[in-house]
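These are my notebook entries on one structure, written down in the order in which I looked things up.

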Amino acid sequence: MDDRGGAAGGAGVGESFVAVRRISQGLERGSNCNATSAEVMAGSTAWIGRGLSCVCVQGSETESRPSFDLTPSQEECLLRLQKRMEVAYDSSIPEHQEALMDLWNASFPEEELFGLISEQWKEMGWQGKDPSTDFRGGGFISLENLLFFAKNFPKSYQDLLRKQDGERALWEYPFAVAGVNITFMLIQMLDLEAVKPRTLVGATFLKFLSENDSAFDLLYCIAFKLMDQRWLAMRASYMDFNTVMKATRGQLEKELLLDGIQCLEDIPSHKLLT
């Protein structure tokens with residue numbers, strides 16, 4: 001199998017990124033766009049906090065944008081979601097520790113975790129032995145998203161975690177860090193930090209959210225699976241991660257605005273989940 005991107009002219013392999021190299025079948029918010037290849041693939045805390053503005057934002061941010069009025073129900077649902085987004089991951093909070101343990105158990109049910117700080121976490125695609133350093137960039141909601149995915153679509157989750165579908169690159173995206181970045185991408189795409197949605201995509205999503213309180217988590221699962229599909233279709237390697245994320249966002253926006261879409265289960269990419 002070729003590495004479909006290699007070492008970016010020989011510079012990448014010697015750097016400290018956390019791309020996942022496959023051997024046989026084993027597991028192997030800012031505007032600075034000058035992320036290095038190492039930051040792009042590893043999703044370092046610095047990159048997670050700044051990179052997705054250049055990965056995901058399309059069109060001029062200086063253009064005036066309309067806002068869409070919300071029903072009382074939609075406003076209430078948006079406020080609840082925004083409160084979730086404001087919660088930082090705190091490793092001293094027992095509930096957060098339990099959620100992290102739940103994520104490990106859902107990911108590797110047959111493997112005992114020897115501590116919340118452990119080299120074992122690298123198997124899942126975290127940068128180091130303490131996942132809390134990555135969640136500082138994504139907040140507790142990014143952990144909730146991963147856990148929702150693992151519990152509600154276990155086969156799709158395991159397929160992505162273990163890179164079981166398709167011909168994989170020699171240097172793969174790290175699963176867990178990619179998941180944190182997908183949370184960021186969706187928050188930006190849906191303009192969820194605004195008081196009112198300023199895009200039709202955001203307004204459409206809030207309609208779904210008012211009918212399904214788990215809509216954000218479900219869209220996360222769809223987006224993750226779609227991202228991996230785009231990754232395979234583009235024969236991507238770690239240097240292509242930004243391009244794959246742009247393509248994923250564009251496809252999601254198109255599908256959310258299709259005629260006849262009444263709920264997230266109606267969008268074409270939902271069928272990717274198993």
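Leu 190 and Gly 202 are 12 residues apart in sequence, and their C-alpha atoms are 4.3 Å apart in space. Leu 190 has its place in the loop between α9 and α10, where helices (H or I, at least four residues) are DSSP runs numbered from the N terminus. I noted Leu 190 as buried, because its relative accessible area is 1% and buried means under 20%, with exposed over 50% and partly exposed in between (1.4 Å probe, protein chains only).

Ground rules. The model is predicted, and local features need pLDDT of at least 70, side-chain atom pairs count only at pLDDT 80 or more, and totals for chains, interfaces and linings use all residues. Residues are numbered from 1 along each chain as its sequence is written, and side-chain values use heavy atoms, with hydrogens and water left out.

Confidence. I looked up pLDDT, the predictor's confidence in each residue from 0 to 100, and the chain has a mean of 80, with 75% of its residues at 70 or more. Over residues 1-63 the pLDDT stays under 50, although the model has 139 contacts beyond four places in sequence for them. Where pLDDT is low, the predicted coordinates should not be read in detail.

Core. Which residues have the most contacts inside the largest nonpolar core? In this core of 70 residues they are Met 124, Trp 126, Leu 186, Phe 205 and Phe 224; such a core is a set of buried Ala, Val, Leu, Ile, Met, Phe, Trp, Tyr and Cys residues joined through side-chain atoms within 4.5 Å. Helix α11 gives the most to this core, namely 12 residues.

Rings. My search of the whole structure found 12 aromatic pairs, meaning rings of Phe, Tyr and Trp (its six-membered ring) with centres within 6.5 Å, where planes under 30 degrees apart count as stacked, over 60 as edge-to-face and the rest as tilted. Phe 205 and Phe 216 are edge-to-face, at 6.4 Å centre to centre and 75° between the planes. Since Phe 205 lies in helix α10 and Phe 216 in helix α11, the pair ties together parts that are 11 residues apart in sequence. Both Phe 205 and Phe 216 are buried.

Charges. I found 11 salt bridges in the whole structure, each being a side-chain nitrogen of Lys or Arg within 4 Å of a carboxyl oxygen of Asp or Glu.

Note on methods
Helix = DSSP H or I, 4+ residues; strand = E, 2+ residues; numbered from the N terminus. Contact = heavy atoms within 4.5 Å.
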